[in-house]
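Here is a short walk through one protein model.

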Amino acid sequence: QLRMHVAREIVHIAKPDEIRELLQQLQHRDFQFVGIVPGFTDVVTMSMIDQSGQTQSRSFSSSDYYERAKVKRGIRLTKRWNEETKALTDLVTRGGSKTTDVQKLNQWLEPYLSSLQSLLDHRERKGYRRERFFRYIKKQAYVQSVCDAIAPKDVCMVVIGFGDWSGGSQSPVSRKHCGPIEDIRKEL
């Protein structure tokens with residue numbers, strides 16, 4: 001019942017003074033309010049008010065995300081590995097894969113099929129899939145650490161307001177946010 005009451009009250013509250021008043025009514029409970037805004041240079045910036053009425057802000061930078069999730073490392077490795085087979089991939093991608101002419105399609109298909117096994121062997125030897133899985137695990141760890149900071153497990157109730165950068169049709173901002181925003185939203 002308390003959670004429903006707080007959720008209903010927050011829908012109508014727009015001013016910090018009103019939030020503080022609600023917090024004072026609920027002093028004996030363990031809770032916090034968190035506002036989150038996805039960013040262009042930061043993954044998210046959050047501002048929270050805890051049960052004592054204290055406001056804290058924290059930002060999670062995109063450069064930290066790319067470092068901890070090993071995204072840049074993976075891009076460098078993949079680019080280096082792809083350079084090793086550039087001659088074969090150029091041979092495979094060149095030609096008529098998007099043609100309706102059977103003769104051109106056949107001319108493209110022969111070198112493609114003859115080089116396919118060596119390309120697959122190279123990918124397996126170098127560990128493309130292992131590298132992608134490694135980045136996935138690191139990304140999940142980063143998302144979990146952000147979610148733990150936003151909604152700590154030791155707090156009884158956390159109310160989160162999640163903003164967006166859509167700006168509407170009148171906004172000149174058209175760039176998408178950075179980082180794993182949707183993963184963070186789903187995890188929360």
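In which helix is Glu131 found? Glu131 sits in helix α7. Keep in mind that this is a predicted model.

Is Glu131 buried or exposed? Glu131 counts as buried, because its relative accessibility is 6% and the cut-off for buried is under 20%. Leave aside residues up to four places away in sequence, and Glu131 touches Arg73, Gly74, Leu77 and Trp81. Glu131 also takes part in a network of salt bridges, together with Arg73 and Arg135. Side chains of opposite charge can pair when their charged atoms come close.

Now step back to the whole protein. It has 8 helices and 4 strands. Starting at the N terminus, the order of elements is α-α-β-β-β-α-α-α-α-α-β-α. The protein has 188 residues, and 26% of them count as buried. Its accessible surface is about 13,000 Å². Carbon and sulfur atoms account for 51% of that surface. Take the contacts between residues at least 6 apart in sequence: 61% of them join residues at least 24 apart.

At what angle do α4 and α7 pack? The angle is about 170 degrees, and the axes lie 10 Å apart. An angle over 145 degrees counts as roughly antiparallel. The two helices, α4 and α7, are therefore roughly antiparallel to each other. Several residues meet where they pack. From α4 come Val71, Arg73, Gly74, Leu77, Thr78, Trp81 and Asn82. From α7 come Tyr128, Glu131, Phe134 and Arg135.

Phe133 is exposed, because its relative accessible area is 52% and the cut-off for exposed is over 50%. Along with Tyr136 and Ile137, Phe133 makes a nonpolar surface patch of about 330 Å².

Turn to α4, which spans residues 71-84. Glu84 lies in this helix. Glu84 is partly exposed, with a relative accessible area of 44%. Which residues does Glu84 touch, not counting those up to four places away in sequence? They are His122 and Lys126. Glu84 and His122 are 38 residues apart in sequence, yet their C-alpha atoms are 9.0 Å apart in space. With Lys126, Glu84 forms a salt bridge, and the closest N and O atoms are 3.4 Å apart. This pair links distant parts of the chain: Lys126 belongs to helix α6 (residues 102-126), Glu84 to helix α4, and 42 residues separate them. Lys126 is partly exposed too, with a relative accessible area of 26%.

How many salt bridges does the structure hold? There are 8. Another of them joins the side chains of Arg68 and Asp64, at 3.5 Å from N to O. Where the Glu84 pair links distant parts of the chain, Arg68 and Asp64 are 4 residues apart in helix α3, so about one helical turn separates them. Arg68 is partly exposed at 38% relative accessibility. Asp64 is partly exposed as well, at 29%. A further salt bridge brings together the side chains of Lys153 and Asp148, at 3.2 Å from N to O. Lys153 counts as exposed, because its relative accessibility is 69%. Asp148 is partly exposed, at 33%.

One last stop is a matter of the backbone. Where is Lys70? Lys70 is in the loop between α3 (62-68) and α4 (71-84). Its phi is positive, about 60 degrees, although Lys70 is not a glycine. Most residues other than glycine have a negative phi. At 25% relative accessibility, Lys70 counts as partly exposed.

Terms used. Residues are numbered from 1 along each chain as its sequence is written. This is a predicted model: local features need pLDDT of at least 70, side-chain atom pairs count only at pLDDT 80 or more; totals for chains, interfaces and linings use all residues. Side-chain values use heavy atoms; hydrogens and water are left out. Buried means under 20% relative accessible area, exposed over 50%, partly exposed in between (1.4 Å probe, protein chains only). A salt bridge is a side-chain nitrogen of Lys or Arg within 4 Å of a carboxyl oxygen of Asp or Glu. Patches are made of residues with over 30% relative accessible area and no salt bridge: like charges are joined within 9 Å, nonpolar side chains (Val, Leu, Ile, Met, Phe, Trp, Tyr) within 5 Å. Accessible areas come from the Shrake-Rupley method with a 1.4 Å probe; for residues, only the protein chains shown count as cover. Axes are lines fitted to C-alpha atoms, for helices over the stretch in contact, and angles run from 0 to 180 degrees between N-to-C directions. Angles under 35 degrees count as roughly parallel, over 145 as roughly antiparallel, 65 to 115 as roughly perpendicular and the rest as oblique. Contact means heavy atoms within 4.5 Å.
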